[in-house]
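Please consult the sequence and the model alongside the points below.

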Amino acid sequence: MKTIINKLKSYKLANLNFRLLVYVIGITLLGIFTIGSATDGSGNFQLKQAIGLGLGIIVLIITTLVSYKFIFKFYWLIYLGANALLVLVLLIGTTNKGATRWIDLGFTEFQPSEICKIFFIIFVSTYLYKRREKISSFKTLFGISLFAMIQIFLIYKEPDLSTTIVFFVAFCAIMFLSGVHYKIVTAVIVIAVPVVIIVGYLAIQPDSGLLEEYQYNRIVGFYQKNNPEAEKIRYQQENSLLAIGSGGLSGKGLDNNTVTSVKNGNFLSESHTDFIFTIVGEELGFIGCSAVIVLIFLIVLECFITGSRTTELHGKLYCFGFGIIIAIQSFINISVATMMLPNTGLTLPFVSYGLTSLISLYIGVGIVLNIGLQRKRMI
């Protein structure tokens, strides 16, 4: 206890990133108001998200004050715990629309893959930090690749292709930034690019077995034209695009009763989760959409700035990894809502409804803030 108190005293309040705090709380509040409008008060989703914000602030304070170095010491326990949760959801999880991603807790549904995003980057960052002197050795690279792929495979088996992609991209980015020799990075890219192209081509072949039926239909149907079945698949995204375009500059207003509203006409499903950006576009217009994109950009930027200022490798890799996860997930969600990518079922960080996601993100932000508190003055 005395050691912890002394550590807290060593923190410099001037190093606390108040900008990041303002951005995160601001975009969460925007999300809460938008969720309330998207659901018209049904299901108490707005209230639950507000409670999630309160819980999120509590865990953010805890993870900001507890040294990330102390937390990262338990990286193997964190890794094994994450794998246990992912196996548990496959065994007893709730299945919805062909995917088993949630554990029913009675009062809410817990989604292990969300908290595992934080656990994943903690493990990868610390594993590489512990072996930083031999980071380019075959043993280190094989080991981290094997352990990472086990967790990514468990996500893939839910199935959750979009989150699998997020995990994989974050892993590749962390590896690239870790200081692995450029010759190894070049060799991996030369090999990986054609492999990804070939696997992608095989995956979209009928009865390939690499994708679930609904995943195959979403991807292939997105690109097919003049096909009645494909039109049904694109129906949600076309309505989303129509709703965003109809919002104009300032939107139709939250909780509006406009008869021309796509939301009010019930032409969107999952409007409070997957298509929350659509509600922002229709009801808050271009200004609202810009605010969301700018806030996400600023949050990612602050993560990168914090990472660039720390001298510890695991702190640096964590900040960059966390920022990349937010950036990639946001890009995919917004691209789906604007019909630039096939529908993936991925939520928008801090904005979409989801208690597990929100609390996990606040844990992640708290760790970034703690890393910033412990940065040393550069001489």
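Leu55 has a relative accessibility of 41% and therefore counts as partly exposed (buried is under 20% relative accessible area, exposed over 50%, partly exposed in between, with a 1.4 Å probe and protein chains only). The model is predicted: local features need pLDDT of at least 70 and side-chain atom pairs pLDDT 80 or more, whereas totals for chains, interfaces and linings use all residues. Residues are numbered from 1 along each chain as its sequence is written, and side-chain values use heavy atoms, without hydrogens and water.

**Nonpolar patch**
- Leu55 lies in helix H3; helices (H or I, at least four residues) and strands (E, at least two) are DSSP runs, numbered from the N terminus.
- Leu47, Ile51, Leu55, Ile58, Ile62, Val66, Phe70, Phe74 and Leu77 form a nonpolar surface patch with about 840 Å² of accessible area together.
- Helix H3 (residues 45–65) gives the most to this patch, with five residues.

**Strands**
- Strand S2 (residues 99–104) is largely enclosed by the rest of the structure, because five of its six residues are buried.
- Strand S1 (residues 94–96) runs antiparallel to S2 and is joined to it by three bridges; Asn96 stands opposite Ala99 in S2.
- S2 and strand S3 (residues 109–110) are antiparallel, with two bridges; Glu109 in S3 is the bridge partner of Asp104.

**Helix H13**
- In H13, 21 of the 25 residues are buried, so the helix is mostly covered.
- Met339, with a positive phi near 60°, follows H13.

How values were computed:
Patch = residues over 30% accessible without salt bridge, like charges linked within 9 Å, V, L, I, M, F, W, Y side chains within 5 Å. Areas by Shrake-Rupley, 256 points an atom, 1.4 Å probe, with all protein chains shown as cover. Salt bridge = Lys/Arg side-chain N within 4 Å of Asp/Glu carboxyl O. Pairing = 2+ DSSP bridges.
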